[in-house]
Each structure stands twice: as structure tokens, then as C-alpha cells.
Amino acid sequence: MKKTTIQVWRTLACIFFLGALFSACEKEENLPNKEENAFTELKEPPFTNYMVISNSSNSTKSVEEDLTKSGGKIVSSIPEIGISIVSSKDANFIQNTIKKRNVTSVVPDYEIAWIPTSENIESNLPDATPSIGSTEPYYYYDYLWGLEAIDAPQAWNAGFTGSGANVFVLDSGIDAEHVELAPNLNTTLSASFVPGEDWNILESTPFNNHGTHVAGTIAAAQNGLGLIGVAPNAELVAVKVLSEFTGRGAFSSINAGIIYAGANKADVINMSLGATLNKNGKLIDANGVPFKIPGKYVMEIVNAQQRALNFAAKQGSVIIATAGNDGINYDGNSAYIKIPGGLNNVLTVSATAPNGYDATADYTNFDIPASYTTHGKSLVDVAAPGGDFDVALEDMILSTGNNNSAYWSAGTSMAAPHVSGIAALIIAKNGKMSPKEVQKQIEKTADKIDGNGKSLYFGKGRINAYRAVTE
């Protein structure tokens, strides 16, 4: 049986999302523009199925009929964007299938690690006694500095808490029994696109579940038990696209999750995940494992995901994603493609942090670019609190973990849900809006930390919840 006391943990290793292009905790200056090594010894990433991409959504059914007749097994289908997931033992499946009518491309459905593993131990945070009314103990202890940095309390005091808006969290599942999340979680709509895994994570899963942490920042309930999210009355929907055990996920699972959220009229889609692909085919996953895929597959993977994003945006969903934790300047590195953050119809977020946060100090600068954050005017739209690990534990972001725990983590994965929470506040105030209208409001009301133009680290600025719902 799950405990009802919220326990708090800390992270020792770099427990932030690093994307498919993994880098260590030390900041790099630039992505390499030339390949460092030959690809001959790099193995292909694992896959068991193929993505068969039709020339239109209308032709998906006929393509699947042809594949079935020739011995292919249809595992799943995403007809909204003309993609079929097919299992076949035919060694020449790609060559034979690409010749079929209405088929534009075929690519292995690669499965890669999107979230690195980490080591965690219990911290020395003071015991949090549940308080009466709306007082949240960890907010009282000044550990939720990210909310202060974006003026979330002022937005709540003005009457804006996200009631009536929903956020679909595409991640590694959510702990449905967590006392901070259960009041806002739509268990009927929640779904899993990871074979063999339910969207509700197991009790035995390590407490540092990525999706649960992200969900708490968005909409931990206002219940006096410890934590509170940016939009404490918004509805959460768990959409599992990554394994809760390995952090791995197939590209088709990500695409299916995007389509599912869009088809179910998601107001906001939070994607604290991503991959960095090289146009020449080199891929390094979040565990540092190098892979080689044919260069032509890269653009087919990219185009398939862009189809999914376009579909969700057309349904009215605001899509928010991470810039990544590569610690590099993305500008001028045209050989690399970041997905989904570098694609169209996505609001991309970099991370900020304090420098040695002291809750007793009269003033703290919360707007220092995080040491790991990927940046660049061509990539970043806005910045948000993501925390850092280089000075003090409290510089990180505290949020929900498995089995009613709470733990600190840092990364652009932690920054994106702050933005998703603000998007929910805006939509709850104004009713249904187009994704472009919501993004424009977020950018227009962001605090201009680094000049009035577009900043290398902050994009259009660091988000401001109060301004977003009052201006």
C-alpha cells in the first residue's frame, strides 16, 4: 500500500533529460560540424517493427491491406497521419514495401533512450506538517522558488488557477495514486502507447519517475499536503510514450501519443523529451550509446513527427517541448535536427536557475541560464525555471515522485512544465484559443531578461504567469 506522507529525495547524478544526443554534465561549446569517426563500427539501434508511411491519410487502409496480403502483420495504425506500424520477418521488407502503391517511405521503428538513469538518496529536508487551508508546507519553506520566479502566486491571487483547462503529459507515465496529483488526474482519458506497460506506473518503480515529476510542476493540487503546481486546478492526462523502467521509447510511440492528445482535444501537450539527429545518420542516445542509421531515414523520421505535430496543432493543441540539455549553442549547426523542439508548431523552452539559492536572503537572481541548457536564437522561444545542480540542492526543482514522494531534479524537462502550466492558465481564462494565440500571449508577456529582441538563452524572455493572465 502506498504511503500517504510525502517523502522528499535528492538527486546526485545528472537526472535531467538529455535528448538522444547525450552530453556529460560539463557544458560544451558547440556541436561538431564534421563527423569525428567513421560510422562503420556503429551498430543500428534496436527495433522490432517498421513504420510504413503512406502518401496520405486516406490511403492508409489500402496500404495495410496490401501489407497483410504479402505477409506483414499490422501492429498498430496512426491513420490520421498515414502511418502503419508493421511487424515482418522478411529481410527485404523495406525494399519490397517501398515499391507498393501509396507508400512514400519505410523506416525501422527505432527505439532509443530518452531519459538517462540516475542515483538518488534521501535528503535532509525538514519534515513537512500538513497545514490548514491552502498553505503548502514546501512553498512555506521557500523550496518552490520556480513559482516565485514566474510570479505564479500573483496569478493565483488574481483568481487564475487553470480550472477548465487540460494538459496532456507525454512522458513515462504518472503515479495515479499520488495525493498531489490524483485530484486533478483524468484517469479515463489517460492512456499508454508503450507495449506491455500501463499509463499508471507501478508501485515498485523507482521514486524518481520522470512523468510524475513533470506533472507535479504543471498541476499539483492545492491541498495543504506539501506541493503546488503552476496551474493547481488544471486537469492532467497521462499519455505514456516512454517506458517507466528504461526511459526508452519508439518514435512511433511518440507520434501516436501526439495524435491521441490532439484527437482528444488537448488544450496543452507537454513534451519534456526529445532527440537530436544528425542528417548524416549518426545518433547517440541518452545513455551514451552511439548508433548509425541511414541518412535518408533521418528526414523520414523527422517528417513523420512533423505530420503528428501538425495534426495536433490543427486540433487546437499548444505543444510545448524542451530545448535539451546538450549545453551547446544550436545556432549555426545545420547538420543537426532537434525533435520535437526544432520543428514547426512547437514552443521550445530553455532553462534558468538561481546561483546558490538561499531562502533566507532578501533577493535572489533566478534568471541565470542553467549550465546545461541548450540555447540559440534559432531554437529557443522562451525560458523557464529548470534548476541546476552545480551549487546547491535547492537550486533544483522540487516536485512529485512515485509513492507519494517528492524529489529534486534539474533540466529543461523541468522548465517546460512551468510553461505548460501558464498555457493552461491562459486558456482557462480566455476559453479555447489557437496555439499561435497562446504562444503569442506567453511570449508577449514574458519578462525581457536580456534585451527587447530575441535572446540567445532566453528567447522572447523568461515566462511570467501573472502578466500572462492580466495583460
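Which residue in β17 does Thr 276 stand opposite? In this predicted model, for which local features need pLDDT of at least 70 and side-chain atom pairs count only at pLDDT 80 or more, totals for chains, interfaces and linings use all residues. Residues are numbered from 1 along each chain as its sequence is written, and side-chain values use heavy atoms, with hydrogens and water left out.

The residue opposite Thr 276 is Lys 338 in β17. Strand β13 (residues 275-278) is paired with β17 in the antiparallel sense over four bridges, where pairing requires that DSSP finds at least two bridges between two strands; strands themselves are DSSP runs (E, at least two residues), as helices are (H or I, at least four residues), and both are numbered from the N terminus. Leu 277 has Ile 337 of β17 as its bridge partner. From β13, Ala 275 and Leu 277 point one way and Thr 276 and Asn 278 the other, and all are buried, a class defined by under 20% relative accessible area, with exposed meaning over 50% and partly exposed in between (1.4 Å probe, protein chains only). Of the contacts with a separation of 6 or more, 79% are accounted for by residues 24 or more positions apart, contact being taken as heavy atoms within 4.5 Å.

An open sheet of four strands has the order β3-β4-β2-β5, with antiparallel pairing. Its edge strands, each of which pairs on one side only, are β3 and β5 (103-108), and the twist from one strand to the next averages 25°. Within this sheet, strand β2 (residues 50-54) is joined to strand β4 (residues 83-87) by four bridges, and the two run antiparallel; Ile 53 stands opposite Ile 83 in β4. Helix α1 (residues 60-69) packs on the sheet, where it touches β2, β3, β4 and β5, and its direction makes about 170° with that of β3. Helix α7 also packs on the sheet, touching β2, β3 and β4, with a direction at about 40° to that of β3. For these angles, axes are lines fitted to C-alpha atoms, for helices over the stretch in contact, and the values run from 0 to 180 degrees between N-to-C directions.

Thr 104 is placed in strand β5 and counts as partly exposed because its relative accessibility is 42%. When residues up to four places away in sequence are not counted, Thr 104 touches Ile 53, Ser 54, Asn 55, Ile 98 and Arg 307. The C-alpha atom of Thr 104 is separated by 9.1 Å from that of Ser 56, which lies 48 residues apart from it along the chain.

Grid points are joined across faces, edges and corners, and a volume is the space filled by probe spheres set on the points. The largest pocket holds about 560 Å³ of space and is lined by 26 residues, of which Phe 193, Pro 195, Ala 250, Ser 252 and Ser 253 lie nearest its centre. The elements that give two or more residues to this lining are β3 (73-78), β11 (248-250) and α7 (251-263), and α7 gives the most, with five residues. By class, the lining of the largest pocket has 13 nonpolar, nine polar and four charged residues, where Ala, Val, Leu, Ile, Met, Phe, Trp, Tyr, Cys and Pro count as nonpolar, Asp, Glu, Lys and Arg as charged, and the others, Gly among them, as polar.

The count of cavities of 30 Å³ or more comes to two, and the largest cavity has a volume of about 120 Å³. Of the 14 residues that line the largest cavity, Leu 144, Leu 147, Thr 217, Ile 397 and Leu 398 are the closest to its centre. Two or more residues of this lining are given by each of α4 (145-149), α6 (210-219) and β21 (397-400). The lining of the largest cavity comprises nine nonpolar, five polar and no charged residues.

How values were computed
1 Å grid on protein atoms, 1.4 Å probe; cavity = no way out; pocket = protein on both sides within 12 Å on 5 of 7 lines; lining within 4 Å.
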